[in-house]
Amino acid sequence: MNLASLIAKIDPIKVDGATDREIASLCYDSRLAAPGALFFALRGEKADGARFVREAVQSGAVAVVSEEPADGAGAAWILVKNARAAMADAACGFYQNPSRAMKVAGVTGTNGKTTATFLLKHICERALLRCGMIGTVRYEYADQVIPAARTTPESIEIQELLWKMRSAGCKAAVMEVSSHALAQDRVRGVEFDAAIFTNLTQDHLDYHGTMEAYFAAKCRLFEMLASQKKTGKAVVNMDDRYGSQILSKLSSTGHAISYGMGARAEFRASNVRSDFHGSSYQLDANGRSYLVRLPQIGHFNVYNSLAAIAGAHVMGIEVRAAVLALADAPPVPGRLEAVPGQRAFKVFVDYAHTEDALLNAMKTLRELQPARLIVVFGCGGNRDRGKRPRMGAAVDQLADCAIVTSDNPRKEDPLAIIEDIKPGLRRVAYEVIPDRREAIFRAVEIAGPRDIVLIAGKGHETYQEFSETTVPFDDISVARNALEHKQVEI
């Protein structure tokens, strides 16, 4: 695309240099710059992209977009007020606004984004609506499966993925939308048919600072609906107190649908039942009732399935078709995932790394009436310290015994993180085993008939982050090894 055409889309303050140049690619990492690239110098938390302009130009970048003067050594320079917003607008133009030609759903909230997204993708596929996916576990389109570097990638990657989805014949796309992505304009320009809100509980305060700022970031997804060309609808959990605030703000627009278990929910679940094989409930929607069968267990997964059904409805899929599709929905990686093993007890792995998610997982497993609930958990390093004792208190509330271990310590001392957790543990008997593998083996070792072991925090992740290194680590694999080891011992 011609540089002058892209500049027209980003509202520049000043342009210096020749603009009659062809742009072959967009990038914000100087290491990815190639001949004909347009380089965006972004201000990051750890580094300022302005420091890498020369490297980008030396690698072939022919133009630079930045918020301050850039020494581009012959490249065109475009000054803008907000480089991230400019990058998103340019990406939309460069990739020809692919979201306008597809049915797109975005899912935001603290917990449930991944499960709701997986379920919605499954419903779309069952309805013969080929669907791509962007989320925490992976990015998918057609037969391509790409490990996810982050829940919601940068705007250039989002637009490129959507373009590839459309080019591969996808008629729909579902994506998780993180609060970081919303605060950083990563989904700016994406046109959503359905904007789904799951819930909001304390998380990411190391970045946002306050719950108010965290909620404000989430609200940006719904504010975007008013400015897009499509007529999008909000799909909101009205049983969540923040969800009810969103519904109040949108009440005058007529572009919101509520779901929940309360009597006023437009997509309402009642008569919920769960066992080891899944859940069932009565769904009342649009004046009709349906029996929903779901392989996932727990009330929180009922909410996730309601979000998926309501989202599918907004995307043009009949409610009955969505309900039938959910009956054979595949398991979601690392979300109350059962570890295979013929033991007299059960082991589950879950991504729960917030107080609310941990409580939900434990409440669900409590409904299965175990003899004891044994919980292995920790907290991530270089993240919100305030939630650590709250995580401990959650475990203290519902576990029979606990093993406190390392999650992803990152650059913090694992023992210091554990010390932050311990004030919340006042009632429950617990052990401290910093080595996560040893902690999982210990939990399996002490488990008896009809016990349930919950290994929480990392879910689908296949690595563990330390100060100077990242090592392979998969809770499912380690737990399976522990079960096999116990079998040998028996």
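Asn286 sits in the loop that runs between strand E15 (278-285) and strand E16 (288-294); helices (H or I, at least four residues) and strands (E, at least two) are DSSP runs, numbered from the N terminus. Before going further, a word on the model: it is predicted, so local features need pLDDT of at least 70 and side-chain atom pairs count only at pLDDT 80 or more, while totals for chains, interfaces and linings use all residues. Residues are numbered from 1 along each chain as its sequence is written, and side-chain values use heavy atoms, with hydrogens and water left out.

Most residues other than glycine have a negative phi. Gln369 also has a positive phi, of about 55 degrees, although it is not a glycine. Gln369 is placed in the loop between helix H12 (355-366) and strand E19 (373-377). Are these residues buried or exposed? Asn286 counts as exposed because its relative accessibility is 52%, and Gln369 counts as exposed at 62%. Here buried means under 20% relative accessible area, exposed over 50%, and partly exposed in between (1.4 Å probe, protein chains only).

**A covered strand and its partners**

Which strands pair with E10? Strand E6 (residues 103-108) pairs with E10 in the parallel sense over 5 bridges, and Val107 has Glu176 as its bridge partner in E10. Strand E7 (residues 131-134) also runs parallel to E10, joined by 4 bridges; there, Gly132 has Ala173 as its bridge partner. Pairing of two strands requires that DSSP finds at least two bridges between them.

Ser66, in strand E4 (residues 63-66), is another covered residue: it counts as buried because its relative accessibility is 1%. The side chains of Ser66 and Trp77 are joined by a polar contact of 2.9 Å. A polar contact is a pair of N or O atoms within 3.5 Å; within protein, one must be able to donate a hydrogen and the other to accept it, and residues adjacent in sequence count only if both atoms are side-chain atoms. Setting aside neighbours within four places in sequence, Ser66 is in contact (heavy atoms within 4.5 Å) with Ala41, Trp77, Ile78, Leu79 and Val80.

Ala85 belongs to helix H3 (residues 83-94) and is buried, with a relative accessible area of 9%. Not counting residues up to four places away in sequence, Ala85 touches Asp185 and Arg188. Ala85 and Gly189 are 104 residues apart in sequence, yet 9.2 Å apart in space, C-alpha to C-alpha.

A salt bridge is a side-chain nitrogen of Lys or Arg within 4 Å of a carboxyl oxygen of Asp or Glu, and by this rule the count comes to 27. Three of them are listed here.

| Pair | N to O distance |
|---|---|
| Asp89 and Arg188 | 2.8 Å |
| Arg150 and Glu154 | 3.3 Å |
| Glu154 and Arg186 | 4.0 Å |

Arg84, Arg150, Glu154 and Arg186 are linked in a network of salt bridges. As for the other pair, Asp89 and Arg188 meet in a salt bridge. This one also links distant parts of the chain, with Asp89 in helix H3 and Arg188 in the loop between helix H6 (179-183) and strand E11 (194-197), 99 residues apart. Arg188 counts as partly exposed because its relative accessibility is 35%.

**Helix H15**

In helix H15 (residues 436-446), the buried residues include Arg436, Ala439, Ile440, Phe441, Ala443 and Val444. In an α-helix there are 3.6 residues a turn, so residues three or four places apart point the same way. At the start of H15, a side-chain oxygen of Asp435 comes within 3.1 Å of the backbone nitrogen of Arg437.
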